[in-house]
Amino acid sequence: MKFIMLPSPLSVLIAGLVLQATAAPAAASKVLTPQSFNQTIADGVWFIEHFSPYCGHCRKFEPTWNRVVAEFEKKPDPGIHLAQVNCALNGDLCNENGVTGYPQMNLYRNGEFVETFDNRDFDILVNFLSTRSEPTGDPSSSSPTAEQEENAAEVIPADETLIIQTPRAEYNPSGDVISLTTETFDDVVAHAPTFVKFFAPWCGHCKKLAPTWVQVARRMQHKLNIAEVNCDEHKSLCSKQGVTGYPMLFYYSHGAKTEYTGSRKHEPLVAFAEKAASPTMQEINAHDIDKVVDENTVAYILLHSSSDDSIVNEVAKDSQVLLGSPPVFVSSSKALFARYDIPTSVSWAVLAFKDNDSKEPTSIFYPSTPPSSNTLSTWLFANRLPTSMELSRDVFQQVMNAPHHPLVVIVATPKDAQKDVSSNLNDIAKKWRLRKSHIGRQDVVFTWMDADQWGSWVKSMYGVKVKDQPKIVVADHNRLVYWDKDATGQPIQLNAVSVFSAIEGIYGTKIHSKHSENIFERAVRAFNSSIARTEGFIVTHPYMAVLLILGFLAAVFMAIKRLLDDDTDLQPGHRYMKGGRLD
């Protein structure tokens, strides 16, 4: 008989510890334990990787993590600390910190959890940490010497551009969300750029967004006001601001209001807020214009005389409605005035360029334009879209619900034809832009969309079924109508003749439109619109509304009284009498 010796419990434990030690990543950063964790992260900004030595993703991520650690360790004043927690050894600590998978990277500031970051790309990680670092500002470690500053001032690269930023006060000094009321709202948004969340306490999506909104306010400290309005408590204010659902996010700046319709996750919200808080304009020379227009699908150029520098700050303020895109460039070059035939009597003008074409601006704004409220900002906003683009989820709202209500040419195309369709549509859009017949008429935006992703939406809105060939409609989303035939009565084809025929037919009302909604949906929308108009009238004119209601009730009362007086005159020996005759 052959006996098998079983390992003792002690040997199993030792073997397990050895396995953990050999399986654990060779951490280049500090490894924290339950005894050291809270005390270590209590001061400064800390980025912690929670890992398990048995996790394949953790082992694969280890070289990248070590590179990131080395990247920040070589900086004299990195402003951020990196460390790790082994969750195989310290499971309770990881549970306390909300770790649900490995690796999970959490950011802490002065001992408080800030956010979780889940992208493991080296460049993205370094950029993320750099934007959240808080250097101590120790002159001995990071400030240049007087000699270095003098030498740096002597050499300015030839291609260096001047960044002109709008002078502004320091906003959001405390890093907290501001609760606005009917009494404080107008004053706050009128005096400072403000990102506002309109919410209802019972709304599930609002509850989910609430902690993220607090983090956004913290990130935008000293940069941008982050505020909120409780629509249950301030219904009239929310109605006045056009709030139709919860939560709704609006950015207010210099009298302009822009709805934010992007992702409500932390990073996209912060990216939007950062861009909105830092509108800049770059100064260029005459020889730079071809390059900057070639690099931007849409670009604005402010041309001004060298004696009129004050207009730069004025345009910078108005351009904040663009939230940094498209960019605005500045030049006082006389050569550019001559190149684009800007009259010498004009002290400044703003030129819009599209489709990377610097030969001729698509539109020019002159100061002689008849004055009206927010004229320049309105013009900037109306010209911000390229002539041709993909209609994706990221840009859907700004295209279809653009405030200047353009006609939108939509080409729904199968995936295998998208490259050719995009190229053909771009050529058609450029030809349309060069035509003069559309000047002063409803703007046109040319778009293509992925029929695989948008197939059900295109079918429900426009009755379009995409199989092997692209399908084309022209939509006026503001009126919820569309056209699918050109002036000859044939389906619109992907060529300039057919598309232009359809657009000209729409301009001349020679083609009948179709509704994007059925009869029932239109009836419901009309009813809701009448209710909304009535509610808006009551909110705007409460006293007049009360008088009208009282007048209506009085009229009803008088009508009933007259009816009763006529119909109930019962005389002895007679039936009911009405108007002196027997009924």
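## Salt bridges, a buried helix and a lysine patch

Arg109 forms a salt bridge with Glu134, with the closest N and O atoms 2.6 Å apart. The pair links distant parts of the chain. Arg109 sits in strand β4 (residues 104-109), while Glu134 lies in the loop between α5 (122-132) and α6 (139-142), 25 residues apart. Arg109 is partly exposed, at a relative accessible area of 31%. Glu134 is partly exposed too, at 39%. This is a predicted model.

**Further salt bridges**

The structure holds 12 salt bridges. Three of them are listed here, including the pair above.

| Pair | Closest N and O atoms |
|---|---|
| Arg109 and Glu134 | 2.6 Å |
| Glu267 and Arg132 | 2.5 Å |
| Lys197 and Glu228 | 3.2 Å |

Glu267 forms a salt bridge with Arg132. This pair also links distant parts of the chain: Glu267 belongs to helix α11 (residues 266-277) and Arg132 to helix α5, 135 residues apart. Glu267 counts as partly exposed, at 30% relative accessibility. Arg132 is buried, with a relative accessible area of 6%.

Lys197 forms a salt bridge with Glu228. Lys197 lies in strand β8 (residues 194-199) and Glu228 in strand β9 (residues 225-230), so the pair ties together parts that are 31 residues apart in sequence. Both Lys197 and Glu228 are buried.

Salt bridges that share partners join Glu115, Arg132, Arg219 and Glu267 into one network.

**Helix α15**

Helix α15 covers residues 375-382. Of its 8 residues, 6 are buried, so the helix is largely enclosed by the rest of the structure. Those buried residues are Thr375, Leu376, Ser377, Trp379, Leu380 and Phe381. What do they pack against? Their neighbours are strands β11 (256-260), β13 (298-304), β15 (348-354) and β16 (363-365), together with helix α13 (310-318).

**A surface patch**

Lys459, Lys465, Lys467 and Lys471 gather on the surface in a patch of positive charge. Lys471 is found in strand β20 (residues 471-476). Its relative accessible area is 39%, so Lys471 is partly exposed.

**The whole protein**

The protein has 21 helices and 24 strands. Buried residues make up 41% of its 583 residues. Among contacts between residues at least 6 apart in sequence, 71% join residues at least 24 apart. The protein exposes about 33000 Å², and carbon and sulfur atoms supply 55% of that area.

Key: Residues are numbered from 1 along each chain as its sequence is written. This is a predicted model: local features need pLDDT of at least 70, side-chain atom pairs count only at pLDDT 80 or more; totals for chains, interfaces and linings use all residues. Side-chain values use heavy atoms; hydrogens and water are left out. Patches are made of residues with over 30% relative accessible area and no salt bridge: like charges are joined within 9 Å, nonpolar side chains (Val, Leu, Ile, Met, Phe, Trp, Tyr) within 5 Å. Accessible areas come from the Shrake-Rupley method with a 1.4 Å probe; for residues, only the protein chains shown count as cover. A salt bridge is a side-chain nitrogen of Lys or Arg within 4 Å of a carboxyl oxygen of Asp or Glu. Lys and Arg count as positive and Asp and Glu as negative; His and the chain ends are not counted. The place of a charge is taken as NZ of Lys, CZ of Arg, CG of Asp or CD of Glu. Helices (H or I, at least four residues) and strands (E, at least two) are DSSP runs, numbered from the N terminus. Buried means under 20% relative accessible area, exposed over 50%, partly exposed in between (1.4 Å probe, protein chains only). Contact means heavy atoms within 4.5 Å.
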